[in-house]
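Okay, thanks everyone for coming.

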Amino acid sequence: MTTAPLFNPFVPSFKRNPYLQYGRLREGDPVHRSQALQAWVLTRYEDCLAVTRDHATFSSDSHNARGPLADALLQQRRDSPVGDVSTVLGVDPPRHTEMRSIVNRAFTPRRVEEFRPRIEEIARDLLAAAPDEGEFDVMAGLAQPLPVIVIAEMLGVPPADRERFKQWSNAIAATTNLVQSEEMQATTRRAVQEIVEYFGGFIRERQQAPRDDLISVLVKAEEGGVRLSPEEILAFAILLLVAGNETTTSLIGNGVAALLDHPDALARLRSDATMLPTAIEEMLRYDSPVQGLARFTTRAVEIDGRAIAAGDVVLCMVGAANRDPRQFADPEAFVIDRDPNRHLSFGQGIHFCLGAPLARLEAEVAFTALLGRWPAFGALEGGLERGGTLLLRGPERLRLAVG
Ligand code: HEM
């Protein structure tokens with residue numbers, strides 16, 4: 001008789017390497033009921049794909065969920081100073097279709113590509129401040145500030161307000177951590193209140209005198225007679241900070257960490273920069289910034305013979321799906337020219353990441369700048385400190401030997 005493999009994301013080894021536990025689950029108990037999380041944990045590629053594509057059964061709206069985890073999520077929504085206002089991420093069709101077509105206008109590939117020279121400049125400026133030789137923390141020095149500065153400029157935040165914006169953004173990013181100290185919670189609440197006041201004024205200004213920034217696009221945009229309310233624009237601006245900054249930071253950090261663990265890949269990339277786009281896809285697959293996606297069942301349903309009740313929480317562990325041998329050849333290997341590479345790191349279906357073109361562009365610029373800045377860089381003993389949560393994965397600090 002075999003016993004179901006244990007899934008315990010609370011042990012320290014999980015933070016270091018969740019892939020061992022994922023592998024055991026995927027092979028032994030792919031539709032796992034976690035008592036600790038009060039959720040179903042899915043680790044196979046096919047199952048994660050099917051769930052994210054079936055939004056009618058697997059809703060993104062936590063109002064559809066029941067149970068203690070769902071109650072905690074709903075309470076978090078109600079406690080927010082923006083109130084229980086929805087964004088694209090947490091609604092289903094038909095509202096999702098309307099909202100998505102409005103916010104899509106703010107993130108057209110053309111609009112993103114227009115930003116390339118400015119992103120290059122920001123990355124260059126950040127690295128100019130780094131030492132020519134010695135030690136460099138790639139998280140504090142590049143991966144953390146780059147996406148925050150980029151999104152601040154896209155939103156239209158003037159340079160004078162950037163420092164305040166960065167602080168708010170950091171505090172708000174901490175909301176993705178389900179376990180927060182009282183002090184952290186208070187800091188986050190203050191930051192959200194401040195940003196709500198700031199953007200409230202900002203949106204009113206843009207309503208009167210639109211400019212060429214993202215907030216102005218959202219204020220003007222209308223779809224079939226429907227607009228976003230000022231509260232929805234505000235919630236969306238905050239979503240961009242939560243969904244876009246930490247994830248892009250982690251892509252750069254996880255990518256550098258993977259290259260340090262695979263010096264051959266790093267050397268290949270140095271000699272042939274045209275590999276960068278496929279290398280970035282492999283960084284996304286190999287060590288995904290978003291490890292899991294939450295869905296809530298609208299009806300009773302069966303997956304692989306397991307009966308899932310209506311209102312249950314289903315976690316699609318894309319970090320595990322990305323290493324499913326049924327989908328990827330040699331999935332534990334880091335192959336920078338892997339092709340095809342249909343990873344699930346940006347999600348799938350109607351909620352597919354709106355910021356994917358921007359995230360890819362920022363990563364390309366960041367790695368080009370890093371490789372160009374020093375003739376060599378390498379790992380430092382104890383230089384990597386892992387951060388992250390059950391659903392997000394990325395380094396806290398990553399110190400390199402440069403020069
Ligand atoms: C490497 C960086 C990034 C990763 C790994 C990532 C990952 C994801 C994933 C997995 C989803 C789907 C969530 C779900 O299905 O529940 C998503 C949605 C989303 N992402 Fe990203 N993201 C990244 C960067 C960004 C950036 C830079 C932005 C914008 C500035 C952004 C904005 C969004 C938005 C608005 C959604 C919701 C789309 C919808 O619900 O229709 N993301 N992202």
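Before we look at the metal, one definition: a donor here is an N, O or S atom within 2.8 Å of the metal, or 3.2 Å for Na, K and Ca, and water is not among the atoms, so sites may look incomplete. With that in hand, the iron atom of the ligand has a single donor from the protein, the SG atom of Cys-353, 2.3 Å away. Cys-353 sits in the loop between helix 16 (318–321) and helix 17. Helices are DSSP runs of H or I with at least four residues, strands are runs of E with at least two, and both are numbered from the N terminus.

A quick word on where this comes from. This is a predicted model, where local features need pLDDT of at least 70 and side-chain atom pairs count only at pLDDT 80 or more, while totals for chains, interfaces and linings use all residues. Residues are numbered from 1 along each chain as its sequence is written, and side-chain values use heavy atoms, with hydrogens and water left out.

So, what surrounds the ligand? There are 28 residues around it, counting those with a heavy atom within 4 Å. The closest are His-96, Arg-100, Arg-295, His-351 and Cys-353. Three of these put a polar side-chain atom by a ligand oxygen, as polar contacts (N or O pairs within 3.5 Å; within protein, one atom must be able to donate a hydrogen and the other to accept it, and sequence neighbours count only if both are side-chain atoms). The distances are 2.8 Å for His-96, 2.7 Å for Arg-100 and 2.6 Å for His-351. The elements giving two or more residues to this shell are helix 5 (95–104), helix 13 (230–261), strand 5 (293–297) and helix 17 (356–373). Helix 13 gives the most, with eight residues.

Now, how do helix 13 and helix 17 meet? Their axes, lines fitted to C-alpha atoms over the stretch in contact, come within 10 Å and cross at roughly 45 degrees, on a scale from 0 to 180 degrees between N-to-C directions.

Last, two spots in the backbone. The peptide bond from Pro-93 to Pro-94 is cis, with omega near 5 degrees, and Pro-94 lies in the loop between helix 4 (68–79) and helix 5. Another cis bond joins Asp-339 and Pro-340, with omega about 0 degrees.
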